[in-house]
Amino acid sequence: MSQEFIDIILSRRSIRKFTGEDIPDADIKTMLEAAMAAPSACNQQPWHFVVSKSKETHEKIMEIQPYTKMLKNAALGIIVCADPELQTCPGYWQQDCSAAVENILLAVHALGYGATWCGLYPNDDRVYKIRKLLDLPKQVFPLCVIAVGVPDEEKPPSDRYNEDRVHHEKW
Ligand SMILES: Cc1cc2nc3c(=O)[nH]c(=O)nc-3n(C[C@H](O)[C@H](O)[C@H](O)COP(=O)(O)O)c2cc1C
């Protein structure tokens, strides 16, 4: 069982080609449960998630962030947001929300779907325009959009283990 989980981690890749098929709401909920199971500083959970299935919204996101073209055939986008006002340990929301993003990517892969993490923050222009597009409260930051869909491509695992980056006791 645990080897299976390690295999999920080691075989996850960014999937950018999707069939355009829908994903059941129960599976989307599983992805969000995985997101909210992430660790966060002081357990502050500063996140919000905007689930978008609208083709019109996806077109607009593609205009705002040109490296999100895979949204065209995606079943959904999950815009991972942070509300800094929810922080009880200020300064950690980027780390907290990134942990949630990785949990989503792993859950997506474990469920047999594909996803790509597409960055928004810290690009001010993208943050401003996505905030406006999705009616986010003014203090809320969109960290990224995760394009999720039924995969229409297969990618081999990418072995990036690099012994040179490992230090024992001291650098
Ligand atoms: C912070 C961040 C921002 C990223 N932004 C984009 C993006 O805008 N568009 C995209 O296609 N991939 C994006 N990626 C995905 C990376 O390109 C990808 O993870 C990396 O090339 C490694 O490939 P893999 O995910 O298949 O292992 C982003 C990844 C991270 C962590």
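Let me begin with a definition: a residue counts as buried if 20 or more other C-beta atoms lie within 10 Å of its own, as exposed if 12 or fewer do, and as partly exposed in between, with the C-beta atoms placed from the backbone. What we have here is a predicted model, in which local features need pLDDT of at least 70 and side-chain atom pairs count only at pLDDT 80 or more, while totals for chains, interfaces and linings use all residues. Residues are numbered from 1 along each chain as its sequence is written.

I will start with the chain as a whole. Its secondary structure comes to five helices and four strands, where helices (H or I, at least four residues) and strands (E, at least two) are DSSP runs numbered from the N terminus, and the elements run α-α-β-α-β-α-β-α-β from that end. The radius of gyration, taken over C-alpha atoms, is 17 Å, which agrees with the value near 16 Å that a compact globule of 171 residues would have; the globule rule is 2.2 Å times the number of residues to the power 0.38. Of the 171 residues, 29% are buried.

What is the largest nonpolar core made of? A nonpolar core is a set of buried Ala, Val, Leu, Ile, Met, Phe, Trp, Tyr and Cys residues joined through C-beta atoms within 7 Å, and the largest one has 37 residues, of which Val 80, Ile 104, Ile 146, Ala 147 and Val 148 touch the most other members. At least two residues of this core come from each of helix 2 (25-36), strand 2 (76-82), helix 4 (93-110), strand 3 (114-119) and strand 4 (141-149).

With 18 residues, helix 4 reaches 26 Å from its first C-alpha to its last, close to the 26 Å expected at 1.5 Å a residue, the expected span being 1.5 Å times one less than the number of residues. Its buried residues, Ile 104 and Leu 105 among them, pack against helix 2, strand 1 (47-52), strand 2, strand 3 and strand 4. Leaving aside neighbours within four places in sequence, Ile 104 is in contact (C-beta atoms, placed from the backbone, within 7 Å) with Met 31, Ala 34, Ala 35, Ile 78 and Ile 146. Just after helix 4, Gly 112 takes a positive phi of about 90°.

Gly 20, in the loop between helix 1 (2-11) and helix 2, is exposed, with 11 other C-beta atoms within 10 Å.

The peptide bond from Tyr 121 to Pro 122 is cis, with omega near 10°, and Pro 122 lies in the loop between strand 3 and helix 5 (124-133). Asp 135, in the loop between helix 5 and strand 4, has a positive phi of about 55° although it is not a glycine. Is Asp 135 buried or exposed? Asp 135 counts as exposed, because it has 8 C-beta neighbours inside 10 Å.

Finally, the ligand. The residues around it, meaning those whose C-beta atom, placed from the backbone, lies within 6 Å, are Arg 13, Ser 14, Arg 16, Tyr 67, Thr 116, Trp 117, Cys 118, Gly 119 and Ser 158.

Terms used
Contact = placed C-beta atoms within 7 Å.
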